[in-house]
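I will go place by place and write down what I look up.

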Amino acid sequence: MKRTIGAMVIVAATTLAGCGSGGASIDDVWARPSPPTAENAAFYFIADVEDGDTLIAADSSACGRTELHISQMQDGLMTMRPADTGQLTATDGTLILEPGGLHVMCMQLVEPLVEGEEVDLTVTFEQAGNISLKVSVENR
Ligand SMILES: [Cu+2]
C-alpha cells in the first residue's frame, strides 16, 4: 500500500456571524432581561444593509415563535402590531429596531432572559439572506 504523507492544508474557517452575503452588518443586538413570569420579550438591533433591503423573518431558539412588530402610540396608549413591509424596509441603508419602535417579538419565551447572558438570533433579509447574531441581554 502506498502511503502519501502530504502537507496538511489548513483551511481557515470563515465566521459569518454578523456578516451576511449582501454586505450587511448588524450591530447593537440586545434585549432587556425578562421578568420570571414573562411570556414575551423584544429584541433590538441596528442593521446596515443595502438600501431597500427588507427584514422578512427572525428566529431564535429562545422563543417558541417570533413576529416582527412595531410599537405605536394610539389614543395615548403604547400598542404594538405586526409591522408591514414598508416599515421593515431599510431607508438610507439603515433599519433600526429600538424600544418604542420596530422590534423582534420573542413569543413563548423558552426561559427568562438573564442579564449578562446571550441568546442566538437569526434574521433574514430579502437580499442579504440569513444573518446569525448573538443577542446581548442588558438592563438598559
Ligand atoms: Cu411586540
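**Entry: phenylalanine 45**

I listed the contacts of phenylalanine 45, leaving out residues up to four places away in sequence. Its partners include Ile26, Asp27, Asp28 and Val29. Leu55 is touched as well, and so are Leu95, Ile96 and Leu97. Val104, Leu121, Val123 and Phe125 complete the list. I note that this is a predicted model.

I placed phenylalanine 45 in strand β2. Its relative accessibility is 1%, so I put it down as buried; the cut-off is under 20%. I also looked up the spacing to isoleucine 26.

**Entry: the chain as a whole**

I stepped back to the whole protein chain. I found 9 strands and 0 helices. Read from the N terminus, the elements run β-β-β-β-β-β-β-β-β. The chain has 140 residues, and 37% of them count as buried.

How much of the contact list joins residues 24 or more positions apart? I took the contacts with a separation of 6 or more. Such residues account for 66% of them.

**Entry: the copper ion**

Which residues coordinate the copper ion? I wrote down His69 through ND1, Met80 through SD, His103 through NE2 and Met105 through SD. The distances run from 2.0 to 2.2 Å. Along the chain, the donors follow the spacing H-x10-M-x22-H-x1-M.

I then checked the geometry. The 4 donor atoms subtend angles of 99 to 120 degrees around the copper ion, so the arrangement is tetrahedral. The rule asks for all angles between 85 and 135 degrees. For comparison, I noted that the ideal angle for four tetrahedral donors is 109.5 degrees.

Histidine 69 is in strand β4, residues 63-74, and methionine 105 is in strand β7, residues 102-109. These parts are 36 residues apart in sequence, so the pair ties them together. Histidine 69 is buried, at a relative accessible area of 5%. Methionine 105 is buried too, at 7% relative accessibility.

**Entry: the aromatic pair**

I counted 1 aromatic pair in the structure. Tryptophan 30 and tyrosine 44 form it. Their rings are 4.9 Å apart, centre to centre. The planes make an angle of 40 degrees, and the pair is listed as tilted.

The pair links distant parts of the chain, 14 residues apart. Tryptophan 30 belongs to strand β1, residues 25-31, and tyrosine 44 to strand β2, residues 41-48. Are these two buried or exposed? Tryptophan 30 is buried, with a relative accessible area of 6%. Tyrosine 44 is buried at 8%.

I found one more neighbour here. Arginine 140 lies over the face of tryptophan 30, at 4.2 Å from the ring centre.

**Entry: leucine 109**

I went back to strand β7, where leucine 109 is found. Leucine 109 is buried, with a relative accessible area of 13%. It touches Ser34, Ala38, Glu39, Asn40, Ala41 and Ala62, not counting residues up to four places away in sequence. I also checked arginine 65, which is 44 residues from leucine 109 along the chain. Their C-alpha atoms are separated by 8.3 Å.

**Entry: serine 60**

I found serine 60 in the loop between β3 (55-59) and β4. It counts as buried, at 3% relative accessibility. What does its side chain reach? I noted the backbone nitrogen of alanine 62, at 3.1 Å. Leaving aside neighbours within four places in sequence, I listed contacts with Phe43, Thr66, Asp120 and Leu121.

**Entry: positive phi angles**

Aspartate 75 is not a glycine, yet its phi is positive, about 55 degrees. I located aspartate 75 in the loop between β4 and β5 (77-82). It counts as exposed at 77% relative accessibility.

Glutamine 108 is not a glycine either, and it has a positive phi of about 55 degrees. I placed glutamine 108 in strand β7. At 46% relative accessibility, glutamine 108 is partly exposed.

Technical notes: Residues numbered from 1 in each chain as written. Predicted model: local features only at pLDDT ≥ 70, side-chain atom pairs only at ≥ 80, totals over all residues. Heavy atoms only, no water. Phe/Tyr/Trp six-rings, centres within 6.5 Å; stacked < 30°, edge-to-face > 60°. Helix = DSSP H or I, 4+ residues; strand = E, 2+ residues; numbered from the N terminus. Buried < 20%, exposed > 50% of the residue type's maximum accessible area, 1.4 Å probe, protein only. Lys NZ or Arg CZ within 6 Å of the ring centre and 35° of its normal. Donors = N, O, S within 2.8 Å, 3.2 Å for Na, K, Ca; no water. Tetrahedral: all angles 85-135°; square planar, octahedral: opposite > 155°, others 65-115°. Contact = heavy atoms within 4.5 Å. Polar contact = N/O pair within 3.5 Å; in protein donor to acceptor, adjacent residues only side chain to side chain.
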